[in-house]
Amino acid sequence: MVTAPQSQPSVTPTLTGNSFVDSNRQTFDELLTFIDFAEGFDVAFAQVNYHKDIDDLVEALRRSPKCRNIDFVVIDVSDPELRYLKPEIQKKTKHMFQSAFVKHMLFIRGLENSIGMYGDYPPILKDLNFIRDSLVNDVPYPMLICLPDYAINRVIDYAPDLWSWQSGVFRFKSSQFSQDTASIRAFHAQKTISNLNHFERQERIDLLKRFIQDFKPTGTQVDKEDLRVYVKALNQLGRTYGFTGEDKLAENVLKLSLAAVESKAWYPESHFDIEEHLEALNRLGVCKYRRGELQYSKDLLTSALDINKKKFAFQHAASLLYLGYLYSSNELEKALSFYQEALDIFMQIGDLSDAATCLRSIGWIKQDQGKVDGALSLYQESLEITEQIGDRSGKAYCLRSIGWIKQDQGEVDEALSLYQESLEITEQIGDRSGKSSCLRSIGWIKQDQGEVDEALSLYQESLEITEQIGDRS
């Protein structure tokens, strides 16, 4: 008697070496089903919280046997100023054509940067909600929009019409590797902000946003360790935005930090707690100064000095430096006193980057007082320090400062060369405030040379940047 062979249970193969997909196998298979059936315009969302996991997802889709006849068109729309998605998609797909043998699948990533974490009705979502119907004819391809969880929640809140059309939401759990390395890169990175390129800084911003979302206090019972991570992430994000001159964004997150450290749940227990409180006060203080709210700025910085009582040298010097900015417009001697005291402290604790900032600040006052040689000497000393420690942002400031003196002395070609070098650095490191300053400086020279149209163009470009970043001065 011959026994009929029994059927074996089906086993879903794993993707060797892709732990993210292996740990999300069911969700990945559901996504494959959507991709298989999607035709023409269709939209789905994939919730993925880390860039490394997005890379792994794209790789896994392209390697899957079920997707051998599918062309995944990855469209990166990570510009934080993006307002209209459809033109970006059309630009990337204008040379594509329908084929009976290959199906195109649009994979949209980076949209969370323009969606943001705060504020009502992000412009990009308002537009997407409004143009939903036109997408059917203008973008005749299935589309997978990959977003972190907080951005998906904002789509639900602010683009309900678009959301109602989605054919699926595929929620992927973050890999342990991504979670572990995110903490290291966000809080313990060796590279300073000024030495990060645009993509590295954007990654750090994304990671900090993730921590803010994950550790945001909810309910009545607040875990102090979670609250500490939340505040530290807010302060670092505020500092990063402040570096690039995006003071509106910096103000948003620093206000959240200040509210947290002034809540009953904070009750400072350690030096860390006090320093993070001082960090929030100082950073928000300089942010308010840049946005023209001088009294508010003074109150915050004075409060930081009162709380500190010289216990924490760096934060004390930071308060003095920012107060120097505040008084530099009308009380030069007082500003000079603040700068000099801050400089002495920064030199004592070995903070050469901020010491170089103090030297430049003193140089600005000397220049205002007509002491040009003294100012130039201070700028040169600051430049040497920034080159020595690799502070590219500080170097760009020094080059502009020296350029202002050279321009006043009639050495226009040398000044223009310094401005151009500074402009190149600011563009490389994504310092939009510094770029705006360079454009104005070059514009002044072009205007003096009679090249009025070019000067006007430079001023207009500078104006657009200052409006975007909220620099009212």
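Cys358 is buried, at 0% relative accessibility, where buried means under 20% relative accessible area, exposed over 50%, and partly exposed in between, with a 1.4 Å probe and protein chains only. The model is a predicted one, in which local features need pLDDT of at least 70 and side-chain atom pairs count only at pLDDT 80 or more, while totals for chains, interfaces and linings use all residues. Residues are numbered from 1 along each chain as its sequence is written, and side-chain values use heavy atoms, with hydrogens and water left out.

**Cysteines**

- Cys438 is also buried, with a relative accessibility of 0%.
- The whole structure was searched for disulfides, meaning pairs of cysteine sulfur atoms within 2.5 Å, and zero were found.

**The sheet and its helices**

- Helices (H or I, at least four residues) and strands (E, at least two) are DSSP runs, numbered from the N terminus.
- Five strands form an open sheet in the order E2-E3-E4-E1-E5, and their pairing is parallel.
- Strand E2 (70-76) and strand E5 (169-171) are at the edges; each has a single partner strand, so one side of each lacks a neighbour in the sheet.
- On average, neighbouring strands of this sheet are turned by 20° against each other, direction ignored.
- Strands count as paired if DSSP finds at least two bridges between them; strand E1 (residues 42-47) and E5 pair in the parallel sense over three bridges.
- Phe45 has Val169 in E5 as its bridge partner.
- Helix H3 (residues 51-63) packs on the sheet and touches E2, strand E3 (103-109) and strand E4 (142-147), its direction making about 175° with that of E3.
- Helix H4 (residues 85-93) also packs on the sheet, where it touches E2, E3 and E4, and its direction makes about 130° with that of E2.
- Contact here means heavy atoms within 4.5 Å; axes are lines fitted to C-alpha atoms, for helices over the stretch in contact, and angles run from 0 to 180 degrees between N-to-C directions.

**Helices H13 and H14**

- Helix H13 (residues 247-261) packs against helix H14 (residues 271-290) at an angle of about 145°, and their axes are 9 Å apart.
- Residues of H13 including Ala250, Leu254 and Leu258 meet a set in H14 that includes Leu281, Leu284 and Cys287.
- The contact of H13 with H14 is made by eight nonpolar, two polar and six charged residues; Ala, Val, Leu, Ile, Met, Phe, Trp, Tyr, Cys and Pro count as nonpolar, Asp, Glu, Lys and Arg as charged, and the others, Gly among them, as polar.

**Gln315**

- Gln315 lies in helix H16 and is buried, at 5% relative accessibility.
- Not counting residues up to four places away in sequence, Gln315 touches Glu275, Leu278, Glu279, Asn282 and Asn308.
- Gln315 and Leu281 are 34 residues apart along the chain, and their C-alpha atoms are separated by 9.7 Å.

**The loop between H15 and H16**

- Most residues other than glycine have a negative phi.
- Lys309, although not a glycine, has a positive phi of about 55°; it is in the loop between helix H15 (294-308) and helix H16 (313-327).
- Lys310 is in the loop between H15 and H16 and has a positive phi of about 65°, although it is not a glycine.
- Lys309 is exposed, with a relative accessible area of 60%, and Lys310 counts as exposed at 60% relative accessibility.
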